[in-house]
Amino acid sequence: MRKKATLIFVLRCVRLVIAVINLSFSAKYFGVNFERDVWLLALTSVIVLDTIIWGAINDTFRAKFTFLKDREGEALALDRAKALLLFINVITILVLGLVMSFPGGIAKMFAPSYTPEQLHALVVMIRIVAPSFLLTQVTKIITSILNAYGSFVIPEIIGLFTQLLTLILVVLFAESIGIYTLVISYYAGLIVLTILLVRQLRALNVRLFYGLSKVRFSHFKPFLLFSVPLFFIYLSSQIGIVIERALASSTAVGAVSALDYSRKFSDIPIEVLCGIIASLLVPILTQRYVKQDHQSFIEEFRKIYQFGLLVLIFVVGIFTACPGAVVRLLYRQGSISQQSLDDIARLTMYYSWSAIFVFLYHMYGSALLSSQKGIRFALFGTVAQLIMILMNLTLYDKFSFYLFPFSLLISHGTAAVIMALQFPVAAKQLVTVTLKYLAILSGVCGFAWAFNHYVYQSPHAFVTISLTTTILAVLTLIAVFVLKTEERAVMLSLFKRRFFDQ
């Protein structure tokens with residue numbers, strides 16, 4: 001599985017680079033202003049609705065479909081997936097009709113302090129973005145089915161292509177049509193993604209859209225019942241997002257954009273890792289658990305676990321040691337003020353540390369989900385969201401938006417520890433692995449920070465970032481060999497095969 005994970009990771013890293021470039025162009029053309037705030041709030045409102053209604057099913061579908069395919073056979077499992085697709089489309093169309101008819105309430109929920117003129121602009125944007133709700137959900141289900149059939153790489157390549165397309169559209173049309181470039185590029189990417197995913201289904205001879213009229217509508221129930229416990233996680237998490245956006249929008253014009261720019265740096269790599277967890281790890285862990293192969297369950301989990309912690313060394317290290325350099329390199333060319341750049345840099349560093357605990361939360365949650373313990377995952381996940389909501393509501397007046405990364409860290413860290421104690425099979429070795437890799441992460445990142453602050457400071461952002469990356473790579477390599485981690489054996493094996501086994 002390590003080879004597949006590495007290939008998917010490389011593809012997602014390319015997508016990460018494109019996403020960062022897209023951020024840079026967004027900063028250049030749109031900056032931190034009211035128009036971009038409106039776009040983000042409208043898009044967030046649709047994503048929140050999608051996540052509340054379908055997030056639990058999207059997260060559990062791979063595990064349940066794999067389970068049903070092994071237990072009931074492929075034909076019945078696919079019929080159940082067809083029934084689910086019909087159910088999703090019917091409910092989504094009904095919800096979409098309500099959103100298009102009554103967008104005012106949603107606008108006031110996300111921006112309670114907006115003036116009537118500002119609310120009108122937000123209502124217009126919500127109506128424009130809302131139809132994407134249907135396409136987004138269809139692409140998620142198709143991708144999940146492709147993953148369940150062992151197709152991991154092609155959906156990633158398709159996603160890479162559509163992401164590149166949206167970047168090209170932003171570059172070509174941002175100066176002429178302004179913020180609506182983001183709308184056009186978003187829809188173009190979704191439409192192309194849907195078409196290409198459907199073609200891949202046909203290439204694998206997965207007949208998802210055939211015989212829909214003959215499918216028993218009630219066949220979707222196993223997916224719905226299995227996902228119900230997680231519904232409360234997604235409901236509470238999206239309430240938290242609404243509260244966060246409402247608090248930020250009431251602070252100042254551009255605050256929502258500043259938060260988005262800073263959080264994207266840690267969100268993008270976390271999405272890369274979570275994509276590997278959801279698309280690759282969960283189906284494999286589910287198969288191992290169904291077959292009662294506990295040793296393989298632990299081994300597969302541990303490989304991705306260690307891999308993710310090593311990746312986070314570079315994420316946390318770069319954004320701890322030189323967040324200002326990264327922000328200057330990507331955002332200074334835009335119309336963002338120096339004060340906003342400083343705020344984004346500080347928030348970027350704080351969010352990078354919270355990313356560690358978000359990763360641990362998703363890893364241990366995937367173990368519970370794969371072992372059919374969704375109720376426990378739901379309980380602990382909901383507790384995490386409620387802790388975050390409570391902290392944001394009670395402490396925001398004192399700490400402003402600097403509170404958000406710390407409430408994220410504390411809430412998800414608490415849930416991750418609790419879920420680790422509920423790991424579905426005996427795995428004491430994970431404690432040693434966790435302590436060892438977190439020690440490497442803390443030591444390497446601490447040294448890189450000290451070097452940049454006390455030994456050498458370059459006025460050139462690119463030089464600072466390059467030097468920091470080199471320091472992180474060298475120190476991580478040294479730590480891997482000194483502490484004799486599993487990656488040491490892998491690297492020695494590759495080195496021997498490359499230079500001596502010829």
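Helices are DSSP runs of at least four residues, numbered from the N terminus. The model shown is predicted.

**View 1. Lining of the second largest pocket.** The pocket holds about 380 Å³ of space. It is lined by 17 residues, of which Tyr-364, Ala-420, Leu-421, Val-431 and Thr-434 are the closest to its centre. Two or more lining residues come from each of α13 (338–370), α15 (403–421) and α16 (429–455). By residue class, the lining has 14 nonpolar, two polar and one charged.

**View 2. Salt bridge between Asp-50 and Lys-140.** The two side chains meet at 2.9 Å, N to O. Asp-50 belongs to helix α2 (residues 34–72) and Lys-140 to helix α6 (residues 132–148), so that distant parts of the chain, 90 residues apart, are linked. Asp-50 counts as buried because its relative accessibility is 4%, whereas Lys-140, at 33%, counts as partly exposed.

**View 3. Salt bridge between Glu-300 and Arg-288.** The closest N and O atoms of this pair are 3.4 Å apart. Glu-300 lies in helix α11 (residues 294–321) and Arg-288 in helix α10 (residues 255–290), so the bridge ties together parts 12 residues apart in sequence. Relative accessibility is 10% for Glu-300, which counts as buried, and 21% for Arg-288, which counts as partly exposed.

**View 4. Salt-bridge network of Glu-244, Arg-245 and Arg-263.** These three residues are linked in a network of salt bridges. Within it, Glu-244 pairs with Arg-245, with 3.5 Å between the closest N and O atoms. Both Glu-244 and Arg-245 are buried. The structure holds seven salt bridges.

Methods: Residues are numbered from 1 along each chain as its sequence is written. This is a predicted model: local features need pLDDT of at least 70, side-chain atom pairs count only at pLDDT 80 or more; totals for chains, interfaces and linings use all residues. Side-chain values use heavy atoms; hydrogens and water are left out. On a 1 Å grid over the protein atoms alone, a cavity is a set of points where a 1.4 Å probe fits but cannot get out, and a pocket is an open set with protein on both sides within 12 Å along at least five of seven lines; lining residues have an atom within 4 Å of a point. Grid points are joined across faces, edges and corners, and a volume is the space filled by probe spheres set on the points. Ala, Val, Leu, Ile, Met, Phe, Trp, Tyr, Cys and Pro count as nonpolar, Asp, Glu, Lys and Arg as charged, and the others, Gly among them, as polar. A salt bridge is a side-chain nitrogen of Lys or Arg within 4 Å of a carboxyl oxygen of Asp or Glu. Buried means under 20% relative accessible area, exposed over 50%, partly exposed in between (1.4 Å probe, protein chains only).
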